[in-house]
Amino acid sequence: MAQAFRSYGPGRFRSSAGSSRNNFGSQPRYGRLIKGRPGMSRLATADINIFIKKASDEKITVDVPVTHSFNDFPISDVVKQNIKRKGYLIPTPIQDQSIEPIIAGRDVIGVTNTGMGKTAAFLIPIVDRLYKNPNDRALIVAPTRELACQIRDELRSFCWNTRIYATVVMGGTSSFRQISELRQNPQVVIATPGRLKDLIDRGFIKLSTFSTFILDEVDLMVDIGFINDIKYFINLLPKVRQSLFFSATFPPKVTEIINSFVSNPLTISLKKSDNLSNIEQNIIKIVNRETKIEQLSALLQTSEFSKVLVFGRTKNGIDKIHKHLMLKGLRVGALHGNKSQGVRQQILNSFKRNDINILLATDLASRGIDVDNISHVINYDLPATYEDYIHRIGRTGRAGKKGTALTFVD
C-alpha cells in the first residue's frame, strides 16, 4: 500500500499509486523501430562515429542572460523563503523567462534541455497562485512514475507553510487510497496518463475543476503512445484555463496538439545544442555476443566507474544483467515495470545515496531519473533513435560537470 506523506511544514502531501500502462521496460506503441525487423534500433545501421566525441575542456557556461533575481518576482514572501531554503540563489534562464508570464496568467510553451530547472519554472508561480487563491486547482501530468515523484518532491519543498494539499496518482498499487485522497479535493494533482484516464473514466476526477493544466515532458508522452490520451484530457478541461507545456523537444505531433489547445501562447525556447560538449562519448566494440555481458562486468569492476547508469532494451534483458552482476558481487539495482512503485523508489533512493553504484534501466528512465554525479552512462543495448541516445547520455555530465557515455556496438 502506498504511504501517505506530509511536508515538513503545514503544507500537506500524500502519495498514492495504482496500475498504469507506463512502466520501465514497456515498449513504444508506434513504429520507431526498423520496419520488418522487430526490436531493431534505427541506429543499428548508423555510422558508429555518431557515438564518438571528445569532451571539451572549455568551462561550460550558460549563454542566456538572466535579468531577474527571485526577489524581483511578484510572489509571496513565504514562497520566496522556501526558494531560499531550497538553496536557489539566482533563477536559471528558463525560470527567469517563465515565472513572470505564468504569474500573469499567460499560456506558456517552454522548450529547454533537461537539467535546466524547468520543473521549478512552473512550480514556483503555481504554488504562489494556489497560496493566494486556495480555491484554484492545478493538474500536472507527467509521463512516468519516477518523474511524477520528482515533481512531488520539488513541489513539497516550495510548499512549506502554505497549507497547500497535493496528491500523486500513478501506477503501482490499488487505487482505493488515492480515490479517498481525491475526495478531499486537493489543490494539486500530479498524475501519470494511464491512471489519470482510469480515474476520469470512473468519475473520480473531473478535469473541469482545474484552472491550470501542466504537461511536463510532452514529447515523451507522445513518444510512448499517449497522444490520444492527451487530446482526451485537454478536451475535458474548462475553456477558460491556463495551459503550460514543457519539454526538451517539440516534434511535429506535439506542436500540432499544442497549437490546437493554447491561447496566444508565449513560446520560450532555450534549447541548447545537443552536442553535450562536457560528455566524453565513445564506443565499446562487442568482441563476441555470447560474452558481451562479461565485457560489461569487467568494465564495471574498474575503479573509474564510480556511479553508473546502464541502459538495456527490455525488462528480461535488464533482469539477466542484474542477476549476472549480482553474482559478481557488484552493488547493483534494476528498475522495471514488474517491480512495485515502492520497490522502484527504494532502488532509486539507494542509487542516490550510493548504497548501490550501478543502476540498470530501460529508456523511460532517461527522463525519470535525476541523480547527481553519475560518472558514466552505458548503452548496453542501442537506443531506438538518436534523440533517445541524447536523453540517455544526458543523465551524466549535469550541471556543467564532466561525464562519460559508452555505447556497445557490433
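Partly exposed means a relative accessible area between the buried limit of under 20% and the exposed limit of over 50%. The model shown in these views is predicted.

**View 1. Overall chain.** The chain folds into 13 helices and 15 strands. Of its 410 residues, 55% count as buried. Among contacts with a separation of 6 or more, 76% join residues 24 or more positions apart.

**View 2. The Phe70–Tyr88 ring pair.** A search of the whole structure finds 8 aromatic pairs. In one of them, Phe70 and Tyr88 have ring centres 6.4 Å apart and planes at 20°, so the pair is stacked. Phe70 sits in the loop between β2 (12–15) and α1 (77–86), and Tyr88 in the loop between α1 and α2 (93–103), 18 residues apart. Phe70 is buried at 5% relative accessible area. Tyr88, at 26%, is partly exposed. Ring pairs also bring Phe73 and Phe158 into a cluster with Phe70 and Tyr88.

**View 3. The Tyr380–Phe408 ring pair.** The ring centres of Tyr380 and Phe408 are 5.4 Å apart with planes at 65°, so this pair is edge-to-face. Tyr380 belongs to the loop between β14 (376–379) and α13 (386–393), while Phe408 lies in strand β15 (residues 403–409), 28 residues apart. Tyr380 counts as buried at 10% relative accessibility. Phe408 counts as buried at 2%.

**View 4. Charges over rings.** Arg137 places its charged end over the ring of Phe210, 4.3 Å from the ring centre. Lys307 lies over the face of Phe351, at 5.2 Å from the centre of that ring.

How values were computed: Residues are numbered from 1 along each chain as its sequence is written. This is a predicted model: local features need pLDDT of at least 70, side-chain atom pairs count only at pLDDT 80 or more; totals for chains, interfaces and linings use all residues. Side-chain values use heavy atoms; hydrogens and water are left out. Helices (H or I, at least four residues) and strands (E, at least two) are DSSP runs, numbered from the N terminus. Buried means under 20% relative accessible area, exposed over 50%, partly exposed in between (1.4 Å probe, protein chains only). Contact means heavy atoms within 4.5 Å. Rings of Phe, Tyr and Trp (its six-membered ring) pair if their centres lie within 6.5 Å; planes under 30 degrees apart count as stacked, over 60 as edge-to-face and the rest as tilted. A charge sits over a ring if NZ of Lys or CZ of Arg is within 6 Å of the ring centre and within 35 degrees of the ring normal.
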